[in-house]
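Biologist: Before we discuss any labels, could you put the model on the screen, so that each term can be set against its value?

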Amino acid sequence: MSFLEVTGLVKRFGQVDVLKDVNVELEEGGFLVLVGPSGCGKTTLLNVIAGLIDADEGELRIAGRRVNELPPSKRDIAMVFQSYALYPNMTVRQNIAFGLEMRGVPKPERDSAVGDAAETLQISHLLDRKPSALSGGQRQRVAMGRALVRNPLVFLFDEPLSNLDAKLRVEMRTEIKRLHHRTGVTMVYVTHDQVEAMTLATKIAVMERGVIQQIGTPADIYERPANLFVAQFMGSPSMNLFDCEVVISNGDKVLQLTGAPSGVRVGVKNSPDADKLQSGDKLLLGIRPEAIVHRQTRAQGGQSITSFEVQVDVVEPTGPDMYVLFRVGGREITARVGAGSRVAEGEVSTFGLDAERAVIFEPRTEKALQLQAVSVIKRSEVA
Amino acid sequence: MSAIVTCKPVVSRISASRVGIYAILLGTAAVFLLPLFVMVVTSLKSLSEIQNGNMLALPTNPSVAAWFSAWGSACIGLTCSGLRSYFLNSVFMVVPAVVIGIGIGSLNGYILSKWRFPGDQWVFGLMLFGCFIPYQVVIIPMAEFLGLLHLAGTTQGLVLVHVVYGIGFNTLFFRNYLKTFPDELVRAAQVDGASFYQIFRRIILPSCGPMIVVTMIFQFTNIWNDFLFGAAFASGRGAPITVALNNLVNSSTGVKEYNVHMAAALIAATPTLIVYVLAGRHFVRGLMSGAVKG
């Protein structure tokens, strides 16, 4: 049995279904990240798990116990808010101890618990200050201390890093990951930032408009997205999409890329879904920028890759990489190449597609098909 | 010869417009302050000087006898013991009314700004509506009600009247102020296990400082200066100082002791003046902090 179980959860605000039949499970000690664009329902889901909002339908279990009817303070959870929510009229020490005070824990125990939490988070020297005298990162730590001191079954985070500047965000992200390793507490984390999701999670739930689009490990979500939304939401720059059409070539079904220089095609391995393909079917081929390589004819795995020549529109150096933008079949494609690559705007360059890493989508349903793409060597390329 | 650096005088721009502005300002200030000046000056003069002399002239032998008389021995109605007991009536009316009013207003404001319940918009709307009900409309029903409760003519009755009348304003002020108070703080306190009242006492109320000052000044001034409710509901021995002052002026038989009247009026006005002097800065600050925004 999982540690945190959400089954069939529905939440309505008036006529609008904000959460539609949500099912999530998390094992003990896991780190679940709820990620999605604004308004997708991730914060609502977190608030329902916390008990700040009641679910309309469905069941919530923590450590095997049904908690639907329990108020937040009885669910043995702790929460870190986006704005830290530190009590402005109390010192750091009082802030951290407040939950314990409300539970009637006697002062000596409170003090020692506060001391321990403060040491873990390295804020012992701040205990007598008021929140207004702290920096953003320090306030974040105090908020975490307040949650930590309750020894909760589940730690809940509501976009805790959104209010920090970029550099601090990266530092604090690592802090949270370390905290997870050190304490082993089960954590549920809400964010709209997919980089945070990828780096922190053991399990990611991508949400859109109240529906969970896909649940899986970061690798699953990234390499095998279940639909177009997940594919394009995770990963920056977004996954490239090529229009393609199924053609029969020498008895095999291949995908011909529309608008690409003639002959650029990608094969498909045999599978039940491959058998259903008909000649003339229109599909979408998704390939991430890093799976488009420059001027090489061999991919990482050693297989030949489908290559083609195209005129480069824009080159964007980022420092460690270079993004190269060009057009194929009316779509703008971004390739991520090494910083030292010899590519110039306006010139024609050769690029290759690492088809093994591609994902194929059905354009109408936007779902990913169970197809494995393979590279097809053009006759003219045989070495 | 030593080098002397000549500095231009600071106010070298004595232009016509500047002279004009100052003249208008000084003139207006004089007009506003003149009655106060006359009152103070008259209260320090003897009766003969008042009757024979110029209103604006300074007293030749300033004396505070009139002040003592106003406080302790002037005749109000049939009793001749001055304003003292009526001053105390006002104090015993204003202080509880302000304290209870702030308590109710802050609690209502907390509920209306942080909690949802069916009909909460209606409740707030009705309270808003209550702010605009004129004093006069309320007099007869309130008189009956006080009679029913056996509180007619008493200071406690007046406290009740002012608390009830102030609910609308106090709730409005606190609700608007607390709307800007982060909701997440209440949620964090809930997660911490604080009850409804614990959240109010430990987190909301301590943060309401500026608003409490604003409401206190507003209510204190209104209630202390009120005449209508005082005259309607407590015109006898439980009267507040405003009513007593009126009676004092009307009670003089024969010679009108202007100096005593002036002294009495100044005594009645002093508390609100002190409150403004001490807390006025906070009043403006509190208003600016979003207290009285629509």
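Biologist: Where in chain A is the place of Asn68(A)?

Modeller: This is a predicted model, and in it Asn68(A) lies in the loop between strand E5 (65–66) and strand E6 (77–80) of chain A.

Biologist: Why is Asn68(A) called buried?

Modeller: The relative accessible area of Asn68(A) is 16%, and the term buried applies under 20%, so Asn68(A) is classed as buried.

Biologist: What does the side chain of Asn68(A) reach, and what makes that a polar contact?

Modeller: The side chain of Asn68(A) reaches the backbone oxygen of Gly58(A) at 3.0 Å; since the cut-off for such a pair of N or O atoms is 3.5 Å, the distance of 3.0 Å falls within it.

Biologist: Which residues is Asn68(A) in contact with, leaving aside its neighbours within four places in sequence?

Modeller: With those neighbours left aside, Asn68(A) is in contact with Asp54(A), Gly58(A), Glu59(A), Leu60(A) and Arg75(A), where contact requires heavy atoms within 4.5 Å.

Biologist: How much of chain A counts as buried, and what are its helices and strands?

Modeller: Of the 383 residues of chain A, 51% count as buried, and the chain has 9 helices and 21 strands. Among contacts in chain A with a separation of 6 or more, 66% come from residues 24 or more positions apart, while the C-alpha trace spans about 80 × 45 × 35 Å along its principal axes.

Biologist: Turning to the two chains together, what makes the meeting of Asp192(B) and Arg150(A) a salt bridge?

Modeller: The side chains of Asp192(B) and Arg150(A) meet at 3.5 Å, N to O, and the criterion asks for a side-chain nitrogen of Lys or Arg within 4 Å of a carboxyl oxygen of Asp or Glu, so the pair qualifies. The count between chain B and chain A is 2 salt bridges, alongside 8 residue pairs in polar contact, both residues being at pLDDT 80 or more.

How values were computed
Residues numbered from 1 in each chain as written. Chains lettered and ligands numbered in written order. Predicted model: local features only at pLDDT ≥ 70, side-chain atom pairs only at ≥ 80, totals over all residues. Heavy atoms only, no water. Polar contact = N/O pair within 3.5 Å; in protein donor to acceptor, adjacent residues only side chain to side chain. Helix = DSSP H or I, 4+ residues; strand = E, 2+ residues; numbered from the N terminus. Buried < 20%, exposed > 50% of the residue type's maximum accessible area, 1.4 Å probe, protein only.
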